[in-house]
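Hi,

Here is the structure I promised to pass on to you. Have a look at it first, and then read my notes below.

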Amino acid sequence: MRTILITGPGGSGRTTVAAATAREAARRGTRTLVLSADRTDTLGAALGAPTGSAPVEAAPGLTAWRPDAGESFRADLLALQEQASTALDLLGSARLDAEELTPLPGAEELTLLRALRDAVAADTFDLLVVDLPPAPQALALLALPEQLRRYLRRLLPAERQAARALRPVLGRLAGVPMPTDRLYETAARWDVELAAVQLAVEDPATTVRLVAEPGPAGADAVRSAITGLALRGLRTDALIGNRVLPDASPDTWLAALAVQQRKSLDGWRDEWGSAGTCAVHEVPHLGRDPRGAEDLALLPVPVPETGPGAAACRPLVWPVVDRLADDGVLVWHIPLPGAIREELDLVRRGDELVVTVGQFRRIVALPSALRRCAVDGASLREGELRVRFTPDPDLWPRTR
């Protein structure tokens, strides 16, 4: 199944573009599911069919789903209370009832990730279109599964389960209760669920589409988003300039705004289209907010290819190039289109590399060959970070 994640600056019309993309794909015979996490039914307003906590058929071949974050949050918290009942009783805690639970900030996004995982696992559709939150929140959301799995491995490493027979003895010696088997079982279950979400996000058939209004503010937001997505290893396959005004207008104010939009679109094509980062598309302004099937049909959104042969399904790879014979180094190539040298920072931490680009940070495990090397330097060229490693004589295999 092909997955399209759609995001962009707030107020750019990303939900409308997601609805138009899903509707056009379904019209062409592709079994399509569109997901949204908005509390208000913005997706249903665009589709012309209300959506809710249960999947509904919005058009022939098109299913729309807006998962209920409140229901999911209540179920998870009540289950956690049940699992921690012994500890809560010892503390004299008062239990929370389902009726008094309301979703916390971020519950919608977590529910969306779970729905994405379930949709991919069900394998019922050919195309999944996900209406993500605005770009900064979307990037944090997409990073969440990997980050939480790393935290779990550090706080509750699986190898410590081998010492379960010693826990009662250690608990008496330390004078404090030791982690129980149930805690490790819960952590293992969470890791499996997070791994499934991470696999769906990082699948080669998953790509991102950015929606932005052409203009100076949109250009800055697009650059930041493309760089942040590349740091996550996600490919941006399309940049959609939304609400583009016609070039010819008798109104001087609208004509000046159209010139500014055209300048931004030309800049996007030069910077991103010519470099092969992503294709740039234009969606015209209808003079009104699109509502219903007839309005969506007027939006010329690019329809994603589906199937294993789709051109946009090439994975974004971080190759290690062997230059030992020529220069005595191994070079790790990390694509970071739009990155600025002054905003780039690298830290080697054991077998991990901490990469910071502006407001984004990712901690990545070094490939096995590079773990036996020391960092020799780095450079940023043509939107690509190249980190040089030299073999450590004490760790590198010696040849005779």
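Helices here are DSSP runs (H or I, at least four residues), numbered from the N terminus. This is a predicted model, where local features need pLDDT of at least 70, side-chain atom pairs count only at pLDDT 80 or more, and totals for chains, interfaces and linings use all residues. Residues are numbered from 1 along each chain as its sequence is written, and side-chain values use heavy atoms, with hydrogens and water left out.

Let's start with Leu 142, which is in helix 6. Is Leu 142 buried or exposed? Leu 142 has a relative accessible area of 7%, so it counts as buried (under 20%; exposed means over 50%, and partly exposed is in between, with a 1.4 Å probe and protein chains only). Beyond its neighbours within four places in sequence, Leu 142 touches Leu 5, Leu 132, Val 201, Leu 229 and Leu 234, where contact means heavy atoms within 4.5 Å. Its C-alpha atom is separated by 8.0 Å from that of Arg 232, 90 residues apart along the chain.

Leu 155 is also placed in helix 6, which covers residues 135–155. With a relative accessible area of 64%, Leu 155 is exposed.

What lines the largest cavity? Its lining is made of Leu 142, Pro 145, Glu 146, Gln 198, Val 201, Glu 202, Arg 232 and Leu 234. Helix 6 and helix 8 (181–202) are the elements that give two or more residues to this lining. A cavity is a set of points, on a 1 Å grid over the protein atoms alone, where a 1.4 Å probe fits but cannot get out; lining residues have an atom within 4 Å of a point.

Enjoy exploring!

Key
On a 1 Å grid over the protein atoms alone, a cavity is a set of points where a 1.4 Å probe fits but cannot get out, and a pocket is an open set with protein on both sides within 12 Å along at least five of seven lines; lining residues have an atom within 4 Å of a point.
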